[in-house]
Amino acid sequence: MARALSCRPYLAAFAARFRVMLQYRAAAWAGFTTQCWWGGLKVMVYAAFYHHTTQVGGPMTLAQTITYTWLAQALFTLQPWSGDPDVAAGVRTGAIGYDRLRPIDTYHWWFVRAAAWMTARALPRAALMALAAAVVLPLLHLDAWAWRMPADAAHAALFLLSLVWMIVLSVAFTMLLNLCIVATLTDRGINTLAPALVILFTGNLLPLGLLPDWLQPAMLAQPFAGMLDIPMRIYIGTLDLTGAWIGIGLQVFWSLVLIALGRAGLRRVMARLEMQGG
Amino acid sequence: MPQIVVEGLHKTYRIAERQPGLRNLLRRRWREVRALQDVNFQLEAGELLGFIGPNGAGKSTTIKILSGILRPSGGRVEIEGRVPFDNRIAHVARIGAVFGQRSQLWWDLSVGDGFDLLRDIYRVEPQAYRRARDELVAMLRLERVLAQPVRQLSLGQRMRAEIAAALLHAPPILFLDEPTIGLDAPSKLAVREFVQKLNRERGVTVLLTTHDMHDIEALAQRVIVIGHGRVLADQPFDALRANVLAERRLRVQFAGAAPVIAIAGAQLRSREGNAVELAFDPREINTPTLIARIAADYEVDDIHVTQPAIEEVIARFYDLHGAAEA
């Protein structure tokens, strides 16, 4: 009972933000359209590469790469591209003061709000993308370009687990971006820097599996892999079940590290918080 | 044991100074701003304290420290035996606060949904919540705006909603930082009336900052004047009024051209055509005596006595103590 009670503020905040974000239908359609164009473009580039390669037996088949691409587009907003705009606005308007006025843990509070912000935007985009790439494309007899089913049931189940940890890890990284915003009082700097890291090291630009073999261990071990590449590899089946568990373990490990960093950082930032002007 | 104890409170900010040209790139220069220097006061439960002072005097900083948002650079603050910044979560559950220039309700939610969210944040029991909400909605006349998104409210409606939002968890202590800023006359009256009722009937301790001296006049029994981060005066409002607001003005309309008047204790402020305005201190020469002496010597058409506007007096008080904003 006491525990359920203590979760109440965070569940309420998650639900409220989730509902508000779902209202932005035009943004969802716009995002979906952009991601369709990007996905289509990338799929065609990959197809051209694969059809003209002389190398046999690469790390990923064309079908796997295409599925990876569509899925990555569908989950675009689950990646930490920027700090939470609410936190940036709070820094400008001073609403952060009100966040500190609540009898709740500020880290948890921002964490659930960022989680709601990211998942609520992902939901319509992922549904539309699945409809377009996994249903409409095959109906148009474009099976070769379509988003395929997961490798098998075991991989599908592990993918879902890994997806949950991808969200946790992405939000934990978003929290570090939020801290930078509060510490530097602007979201410009960090929101310019973060996408460069995310696009390269999560596999968003190029699946990490397509990078040279000697880079693979380092690529999988770094924290960003868990923010896209690990669940993607599990879905398409390029990680065997043991590999999948190791990948999820890495996601859990990095989540805990980033959360610990975020909590320590938040304590420091709040201790020297200053609010000027009225 | 007082409910709020503030002893030797200090707060120092560091502000980056911009230098012309490119020198900033190499080395940034910092300037220390002493927002509060040795602030002391105590507040008993159920008191209503007004905090006044020019812009930048340290009023808001004090409230933010008392709220547990900012950590003081030095000194001791204890509220109900707790140190606000160190016991933040336990402390903020017992206070309500409104910062007039910022909004605590979510922009995108309706007022009612915003209240519900606060119910969950403060973990208020459903029945207690419904009672508190219905009462606040009725007292602050919010029935018609409950379903409206916060971004569509007028300033007066928003401020009333903000005050209700700060009280849903029935805190025994309320901090109001410029709650009437920008409001029209009826809204100001509504807010004042409500705060007074809350303090008198429920015994809620209220600490209020404002630039509107009518707020202070209507509400505060006790006033702290703060300037340059120091307490300049801490006294009952009536005492402050007696000391600082003692001056009276006498405006006399003569039948003919205004004469030159020399009466001890009365200073000439202006003489135009048939009218003269004198300033006097009733402790030196009382009003009937002054009027009688003028009426005895000259033919008078009309006389009226006024008090200088309270704003004017406070401005003079700030000047006197060198507290006016730099």
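In the predicted model, chain B contains an open sheet of six strands in the order 5-6-7-3-8-9, with mixed pairing. The edge positions are taken by strand 5 and strand 9 (230–236) of chain B; each has a single partner strand, so one side of each lacks a neighbour in the sheet. Direction ignored, neighbouring strands of this sheet are turned against each other by 15° on average. Helix 9 (residues 237–244) of chain B packs on the sheet, where it touches strand 8 (222–227) and strand 9 of chain B. The direction of helix 9 makes about 105° with that of strand 9 of chain B.

Strand 5 of chain B runs parallel to strand 6 (residues 173–177) of chain B, and five bridges join the two. Within this pairing, B:Gly96 has B:Leu174 as its bridge partner, while B:Phe99 stands opposite B:Asp177. Although strand 5 stands at an edge of the sheet, five of the five residues of this strand (residues 95–99) are buried, so strand 5 is largely enclosed by the rest of the structure. Burial applies to both faces of the strand: B:Ile95, B:Ala97 and B:Phe99 point one way, B:Gly96 and B:Val98 the other way, and all are buried.

A further open sheet of chain B is formed by three strands in the order 2-1-4, with antiparallel pairing. Strand 2 (29–43) and strand 4 (74–79) of chain B stand at its edges with a single partner strand each, and therefore one side of each is left without a neighbour in the sheet. From one strand to the next, the twist averages 30°. Strand 1 (residues 4–17) and strand 4 of chain B run antiparallel and are joined by five bridges; in strand 4, B:Glu78 is the bridge partner of B:Val5.

Definitions and conventions. Residues are numbered from 1 along each chain as its sequence is written. Chains are lettered from A and ligands numbered from 1 in the order in which they are written. This is a predicted model: local features need pLDDT of at least 70, side-chain atom pairs count only at pLDDT 80 or more; totals for chains, interfaces and linings use all residues. A residue is buried if 20 or more other C-beta atoms lie within 10 Å of its own, exposed if 12 or fewer, and partly exposed in between; C-beta atoms are placed from the backbone. Helices (H or I, at least four residues) and strands (E, at least two) are DSSP runs, numbered from the N terminus. Two strands pair if DSSP finds at least two bridges between them. Axes are lines fitted to C-alpha atoms, for helices over the stretch in contact, and angles run from 0 to 180 degrees between N-to-C directions. Two residues are in contact if their C-beta atoms, placed from the backbone, lie within 7 Å.
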